[in-house]
Amino acid sequence: MSAAIPLPSDLSPVTVANTASLLRIIALALISGAAIASRLFAVINFESIIHEFDPWFNYRATRVLTSKGFYEFWNWFDRTAWYPLGRVVGGTVYPGLMATSGVIYNFLHALNLPVDIRNICVMLAPRLQCPDGLGDLHVRVFFNHTSCLHNFGFRFTKEMKDESAGLLAAAFIGIVPGYISRSVAGSYDNEAIAIFLLMFTFFCWIKALKLGSALFGTLAAVFYFYMVAAWGGYVFITNMIPLHGLVLILMGRFSSRLYVAYSSWYAIGTLASMQVPFVGFQPVSTSEHMAALGVFGLLQIVAFTQLVRSHVSSKQFQDLLFWALISVGLLGFLAVVGLTYIGVIAPWTGRFYSLWDTGYAKIHIPIIASVSEHQPTAWPSFFGDLQFLIFLFPAGVVHCFQQLRDEHVFVIIYAVMASYFAGVMVRLMLALTPVAPVRNGARVRGIFSLDTRLTIVGTAFFMLAFFVHHCTWATAGAYSSPSVVLAAANPDGSLHIIDDFREAYHWLRQNTPETAVVMSWWDYGYQIAGMADRPTLVDNNTWNNTHIATVGKAMSSSEEVAYPILRKHDVDYVLVIFGGYLGFSGDDINKFLWMVRIAQGVWPEEIQEPNYFTPQGEYRVDERASTTMQNSLMYKMSYYRFAELFGGKPATDKVSIAFFILLLANMRAVSLDEAYTTENWIVRIYQVKKEDVLGRDLKSANAFSQGRKRKRSRPMSRRPPVV
Amino acid sequence: MARLSGLFTGSVIFCAICSAFGATFENTAIVRTVELGGSLVQVTTTFAVKALEANSKIYTVALSDAELQTTSWLEARVKGQSKVLEVVDRDPKSTGVHLLDITLPQPLALNASVNIVLEAIQTHATYPWPETASQQEPQALKYKTDLLVLSPYHTAVQRTKIRSPSPSIHSYTTPENVDDFTLDAPVTKSGATVTYGPYNNVAPSVNEKFISKHQQPVFLHYDYEYPVVQVPKLVRSAEISHWGANLNIQDNIHLRNAGPALKGHFSRLEHQTQTFYKRSAPHVIPGLTLHLPAGIRNTYYYDLNGNVSTSRLRAAPSVPKDSQANQYSVLELKPRYPIMGGWNYSFTLGWDSPLEDSASVDKSTGKYIVQVPVWTPIPAAVVNEAEVMIILPEGATDVEFATPFPAISSSMSTHTTYLDTTGRPAITLHFKDLTERHAQPIFVSYSVPMSAHLKKPIAVAVAFFSVFAFALIARRIDLRIHKN
């Protein structure tokens, strides 16, 4: 192949190398700049704030880490979460992210740069993009660098071109929206750091495999350890590398390089990963990790066979031996299955099953299915996240088959696996995003190296420009909203910020006792802990299904049932999200059916989902709503005094466009007091009444304190007084 | 027994004082005017004084212990003059009655007379009554004071006028046992004013006998239509930067509604209805309007949970130093939630202002003089505790400072921040019970040698140089054991 523009022949090779190196550094710096800049939309449009839900916990944990030190963090028992159970945070958390922030924080403070920990956390994700681009470039450069070793004659021009492919890949990965979604400023989540580590581990693995280097195998293990410490998705690496090894063996490509690389990575990586308390002995006791162990064993057997083969002469015997050993490997696999069956090795978890059967979670584990990012991915989001990379992607994979060396096999496997996972779970789109640009870097680079026809260059340029435009648009519009604040436009076009969540959390923080227990649906647990600093019953670390179901039951039962539950859990305040006033659709009434389903999973006799629908099978909130629905605590708390806003006219819920007429007028909660409602009614907080000091039931106590006489004509309440 | 003997000694001292000073002056008239408010109560006492001895220069006023406790601002003047007279507490540690000496501008001749105006601002002198109020209920406060103005001299006539901001006064005390001074009604009310007196021929009153016989507390219970704003804690840090030509001021303000505590719970519906009909409850703080200095930039307003988006700033252009600022940057600050009675809200407010607006150089000594206000007043609010930290540029020496009124304590420390090597000297001052009148500048003077100015660029240059040097060496090190 010839270069599009030939190099001048009168330049010394050193000059060319230096110029290329300088250009590369400049291009990389610009790519890093663009990658960071596009992640700052959130800060510029809104402010430097931690986004969404999980990041609030990470932020809170990081603050504990920086203020109290690493050992305190390690032993941190959080009494305020999962009240009254508490949570052993040190042992149930991937500490990689917090440790990284802590190191950066301490480093900066040692240099007399007192950067606020919040800003470190907000900016951590964008900051990591810089080395990420670099790491990716190295992977890419390495692929291409090694691919052209045979072509000595055009070595320099070739390397230039391959590096340009690497640069393109770096540029793609820097701005592709699929990845930006988890790495905008403020998205302080495990994924932000983990994708960088994933790429770097794979890079080290390929390099170790190419060179047969134990050093790079060890480096891969070290970064694997970092990855294990940072994100539960490390299992992807744990299975990708063995799969690659297995495929190579089955293709008859076993080599001492593979043996050295894999053995050093597996031995050190597994031992290192077991140092993370949350992982513990899982690498030797759970099914997800057995493939790596199996391939490790297989490699030993194959290597041993190779050794024997090099010393023994009879060829047929050795072939027989080879196949025998393969079957021994299979037997080992069966043994693992057997052990799993007996129970020595833990079977796969529910989240893992839902990767293979998308309907599994909905039937068995509603709590997993209730998370939107665990839903199967819709087609438009593929295009939205990857744009033209998604249709160039197959071309890139085909390109790999043209040469098909070991690393190409890896990329092909990665591409297939990642596409599948991205298809079944929105959240795993993330795993796909690095590989698509890497493949397309090669593809687009291929276009450029064709004899340059203006149309092709023009088309390619148009596609790239449109890609950039699309990425900027998607990043600014879809992925940069903190979701803690909502944005609307004023009549004059300026940004109007709807800040009800922080209003409510701040109110809780400043005007309630520090020990007041707040009950809300689990989505808001981390935010309440982070912003309001109050104990919560359940939060986003959904480890205890029964506890969540208890909250679901309290929310979906009538007051008579719910009140004892609330009192038994020492609940002082109940917080609900209500979008009917403003038209905010992500409110608790919308999530209500999940609460019902999760509660039904534990108490099938008491809570039944069909009761919350009308006889026609509709989910309604107006006066035709079912009686169970109308009596539920959630319904009452959402619509308490809502009708009075409309001064006699029919009340309108702006989310469901439901009209109420008289139903709400007489609705009064007996056991709860409205304590606070935010400006746009989005967050409503109720205080749970204590038992009456005179031992009356709350209904008559209320009536007495309001000066109303209890009606004698009616029979007295049959409800026993609550103790 | 011990208490009795203490009282006895006290009276002996009082009598001694009376005999020593009793004859120097005579009060021809004392008029005390009390302007009631929420957090602040303004008390203006005018003494019409006649000298009974030639060359009398020191006039003494008496304040009870309780009065002195609540008085956070005290200023004496000769009526019609702007010069402030020196006031000295004769014995700050004494209990009971404090005697304050006012030095007159010039000695009075025999029978000459002068009008002395004593202006005081009292804080924490009122309290909500009833102590709780629901969202629809009005707000009422109670004020307590002493009936008579004490004086070591004989007083011909004295009266006390208490003015309420609204004419609805629920109740006031009718004094008893005042037949010695007046035969008319001891108290009269007209409109929003309650007048005690005139009381004639009051003997020198700084003695135990007189106080126990005639002095008595009077209460006034009145409606107050504005919120009672209190700042339990204010932490201000002012950072002077020569490199940035910038004075950064940051206030951590803990705000509290000291009105009647909210009875029951907050109902958004009620609040929205009241706001819609423009008749908000008097005890709600919906927001504050602050007058920040002119010429400020980068104003920020945030709390523990980040930026508070509900504020408006109308910045005024910068004015030269020492010229009369007739414009302010107006900040309409709205908390995240309306602050009901008894609720708290803490936030951080800060801004940058050009250093030349508040700094100057003393030509003769080469020292810099910077003025930093003690606080930026929140209208009608009292600051219970204030901590002011002034951070000087790195390497500043010969630090001196002058406060407009005495601070409770002051200390020096070192503050280390961006690009610092040795840290910056910082002055920390503590104050209590600040009012709008206390918003005066603290003057700080210091000198900065040229070498200190250069510390930052040198530190940055060294840091970059070390990174490059490290890269230079690291590139040339080869750790491979066997080369291939």
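Reader: How far apart are the end C-alpha atoms of residues 457-474 of chain B, and what share of the span is helix?
Author: The end C-alpha atoms of residues 457-474 of chain B lie 25 Å apart, and the span is 100% helix and 0% strand. Keep in mind that this is a predicted model.

Reader: What feature does UniProt place at residues 457-474 of chain B?
Author: An unreviewed UniProt entry gives residues 457-474 of chain B the feature "transmembrane region".

Reader: And the rest of chain B, which domains is it divided into?
Author: Domain 1 of chain B covers 2-223 and domain 2 covers 229-454. Taken over C-alpha atoms, their centres are separated by 34 Å.

Reader: How many residues of each are in contact?
Author: In chain B, 19 residues of domain 1 are in contact with 22 residues of domain 2. On the domain 1 side, strand 4 (71-78), strand 8 (113-123) and strand 10 (132-133) of chain B each give two or more residues. That side of domain 1 of chain B divides into seven nonpolar residues, eleven polar and one charged.

Reader: I clicked on Ala294(B). Where does it lie?
Author: Ala294(B) is in the loop that runs between strand 20 (288-292) and strand 21 (297-303) of chain B.

Reader: Why does Ala294(B) count as partly exposed?
Author: Because Ala294(B) has 18 C-beta neighbours inside 10 Å. A residue counts as buried at 20 or more and as exposed at 12 or fewer.

Reader: What about domains in chain A?
Author: The assignment for chain A gives domain 1 (212-347) and domain 2 (500-690). The centres of these two domains of chain A, over C-alpha atoms, are 50 Å apart.

Reader: At what angle do helix 9 and helix 12 of chain A cross?
Author: The axes of helix 9 (residues 190-211) and helix 12 (residues 256-273) of chain A cross at roughly 140° and come within 7 Å. Helix 9 of chain A is therefore oblique to helix 12 of chain A.

Reader: Which residues make the contact?
Author: Helix 9 of chain A contributes Trp205(A), Ala208(A), Leu209(A) and Leu211(A), while helix 12 of chain A contributes Arg257(A), Leu258(A), Ala261(A) and Trp265(A). The residues of this contact between helix 9 and helix 12 of chain A divide into seven nonpolar, no polar and one charged.

Reader: What does UniProt place at residues 517-567 of chain A?
Author: The feature "domain: STT3/PglB/AglB core" is placed at residues 517-567 of chain A by UniProt, in an unreviewed entry. That span of chain A is 57% helix and 6% strand, and its end C-alpha atoms lie 11 Å apart.

Reader: How many residues of helix 25 of chain A are buried?
Author: Eight of the eight residues of helix 25 (residues 525-532) of chain A are buried. Among them are Tyr526(A), Ile528(A) and Met531(A).

Reader: What covers them?
Author: The cover over the buried residues of helix 25 of chain A includes helix 3 (54-68), helix 24 (500-511), strand 5 (517-519) and strand 6 (571-577) of chain A. After helix 25 of chain A comes Asp533(A), with a positive phi near 60°.

Reader: Last topic, the two chains together. How many residues are in contact?
Author: 22 residues of chain B are in contact with 26 residues of chain A. On the chain B side, helix 4 (268-276), strand 22 (306-307) and strand 25 (344-354) of chain B each supply at least two residues. Strand 25 of chain B gives the most, with three residues.

Reader: What does Ala675(A) touch?
Author: Leaving out residues up to four places away in sequence, Ala675(A) touches Tyr573(A), Ile685(A), Tyr686(A), Gln687(A), His265(B) and Phe266(B). Ala675(A) sits in strand 9 (residues 672-677) of chain A.

Reader: Is Ala675(A) buried or exposed?
Author: Ala675(A) is buried, because 22 other C-beta atoms are within 10 Å.

Definitions and conventions
Residues are numbered from 1 along each chain as its sequence is written. Chains are lettered from A and ligands numbered from 1 in the order in which they are written. This is a predicted model: local features need pLDDT of at least 70, side-chain atom pairs count only at pLDDT 80 or more; totals for chains, interfaces and linings use all residues. Two residues are in contact if their C-beta atoms, placed from the backbone, lie within 7 Å. Helices (H or I, at least four residues) and strands (E, at least two) are DSSP runs, numbered from the N terminus. Domain bounds come from an automatic or database domain assignment. UniProt positions are given in the numbering used here, feature names are shortened, and annotations may be inferred rather than shown by experiment. Axes are lines fitted to C-alpha atoms, for helices over the stretch in contact, and angles run from 0 to 180 degrees between N-to-C directions. Angles under 35 degrees count as roughly parallel, over 145 as roughly antiparallel, 65 to 115 as roughly perpendicular and the rest as oblique. Ala, Val, Leu, Ile, Met, Phe, Trp, Tyr, Cys and Pro count as nonpolar, Asp, Glu, Lys and Arg as charged, and the others, Gly among them, as polar.
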